Amino acid sequence: MSVAMGGDETGGFVGDVGTAVSKFGFGGEDAPKGVLSSRLGCVFDQNQAYVKGSNGVPLLRELTAEDYKVPDDYPARLHTRSPFVAPPQNQQCVAKWLHGDVSSLGAARFDKGESCVVRSPLVDGELDDWDTIEELWREAFERAKTSGAEQPVLAATPSDATPKHRAQYLELLFETFGCRAAYLARNATLAAFAAGRASALVVDCGAGTTSVVPVVDGYVLMKGIRTSKRGGDHVDAHAHELLTKLCGGTEPVPRAAVRREGRKTYESWPEAFRKFTQRETVRDLKESYGVIPKKWGLAVGLKEDKRQFFLPDGTIVDVTTDLVRAPEQLFEGVEEEEVVKKEEEEPSIKVVRDARVGQRALQPPQIQPPINDPVVAALPEMVKGSLERVDVDVRKDLLLNIVLSGGGSCAPGTAERLHSDVALSLCAPFKAKIVAPAAFERKFGVWIGGSILSSLGSFQQMWLSKKEYDDDGPTRLVEGRWD
Ligand SMILES: Nc1ncnc2c1ncn2[C@@H]1O[C@H](COP(=O)(O)OP(=O)(O)OP(=O)(O)O)[C@@H](O)[C@H]1O
Ligand SMILES: [Mg+2]
């Protein structure tokens, strides 16, 4: 289908919602215009909530003290999503979303005795909090002074997103935002396109997870996906521990507490919120001082101007080599017991349809192996594991096109270390080639790939129209069109 809006073909509006950073902008442009923090402050309406009505229809009603009791069987996972207030049993109404520097916005509320929670759209690399995802798109449309109905919308999804989550994404775009045409693309495909390749082994080091994904002719080979929880957040946690030790066991006072009168109430902030604000300081330190030794076991030296770090409250710490090499966590092996083992399920057989011609022609059945839960594994092992799971014919091509993507891959030395460690772990007859685009392109690689794809003339027939959505429904579409 060719989509023409207002007579002109457009590159559409492209969005990549990440765990820490969301990137939005118009297709065809070089860089995303809207780069938003994905972590949003959320203030609940203290008095109202949607509760389950007798026939299952949500009812809006005033909350009572009874509603604030946390039931024994409340899923632990939801506690981590909303760590700063006791979650009520029911879906409480969001009174306000806070964008920008969430830690200081939240701090301002605690100063006034109010509370807020910090929510993130993805948990362990999975699209999880749909309210937050919706709010991020809403803010992006508003900032770009456009809407979903004005041009087609391309959304990047995690490479291993489940059909259920992709169907939910389509519902969000077509039903909540009134899109007239949309497309869902997997992160790794877009990162490969951004590096000028249709086939590549994409190593995406994000904030929530690190993934290794084989892409062949623009299609993700699901069985080769390896995902680990060792992303930027994991590195931050490690660096936080080291920094606290360096400060004699005292947690660094965050910027949000130093500004204005924030310090007054700092001690009474909820523990989880304090930790969240402290991580900003740790992240600054990691991003400006962090390095990865180019070879395993190599020592790193500290440059003259990088021996001391100023904490937000003016305290000076003498940086240690342990601290600057915190990003090396991505390459560290793990103790056996740390690895989350999951029973392998029987692969299910599924009929896939051809998206390339846009006609959904029937193709031979393909084996869809289960996608493992995120595990904690070292990057070179993940590369090895991924290559072992794909056809022998494509391995060499993938090994020669290992593309680095994601903000976490920006630590100096990442490409060299990956090259050296992959050679050690594979002992392959030919050498791996690491494609390391400029830091800017790595940070925004997925978005840039979306921008390129959505503005290609040959792509315009690939948009999914509202009519197709209405005719087929989201569930049938995600199973037939893209997988
Ligand atoms: N120079 C740097 N050195 C090390 N890490 C960095 C650097 N620059 C950014 N990062 C880290 O990259 C992460 C953000 O990267 P990115 O935007 O790719 O993640 P995301 O898309 O939000 O997460 P995900 O893909 O896991 O959902 C953060 O953890 C950030 O601290
Ligand atoms: Mg990402």
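## Helix 2 and helix 9

Helix 2 and helix 9 cross with a left-handed sense. The model is predicted. Helix 2 spans residues 102–111, and its axis lies 9 Å from that of helix 9, at an angle of about 145°.

On the helix 2 side, the contact is formed by Ser103, Gly106 and Ala107. Their partners in helix 9 are Phe273, Phe276, Thr277 and Glu280. By class, the contact of these two helices has three nonpolar residues, three polar and one charged.

In total, 24 residues surround ligand 1. The closest are Gly18, Thr19, Gly206, Gly232 and Gly407. The shell divides into 13 polar, seven nonpolar and four charged residues.

## Nonpolar cores

The largest nonpolar core holds 86 residues, and the members touching the most others are Ala182, Val202 and Val203. Helix 5, residues 187–194, gives the most to this core, with six residues.

Leaving aside residues up to four places away in sequence, Ala182 touches Pro152, Val153, Ala155, Leu170, Leu173 and Phe174, together with Trp463 and Leu464.

Definitions and conventions
Residues numbered from 1 in each chain as written. Chains lettered and ligands numbered in written order. Predicted model: local features only at pLDDT ≥ 70, side-chain atom pairs only at ≥ 80, totals over all residues. Near = placed C-beta within 6 Å. Nonpolar A, V, L, I, M, F, W, Y, C, P; charged D, E, K, R; others polar. Core = buried A, V, L, I, M, F, W, Y, C linked by C-beta atoms within 7 Å. Buried ≥ 20, exposed ≤ 12 C-beta atoms within 10 Å, placed from the backbone. Helix = DSSP H or I, 4+ residues; strand = E, 2+ residues; numbered from the N terminus. Contact = placed C-beta atoms within 7 Å. Axes fitted to C-alpha atoms, helices over the stretch in contact; angles between N-to-C directions. Left-handed = near helix turned anticlockwise from the far one by under 90°.
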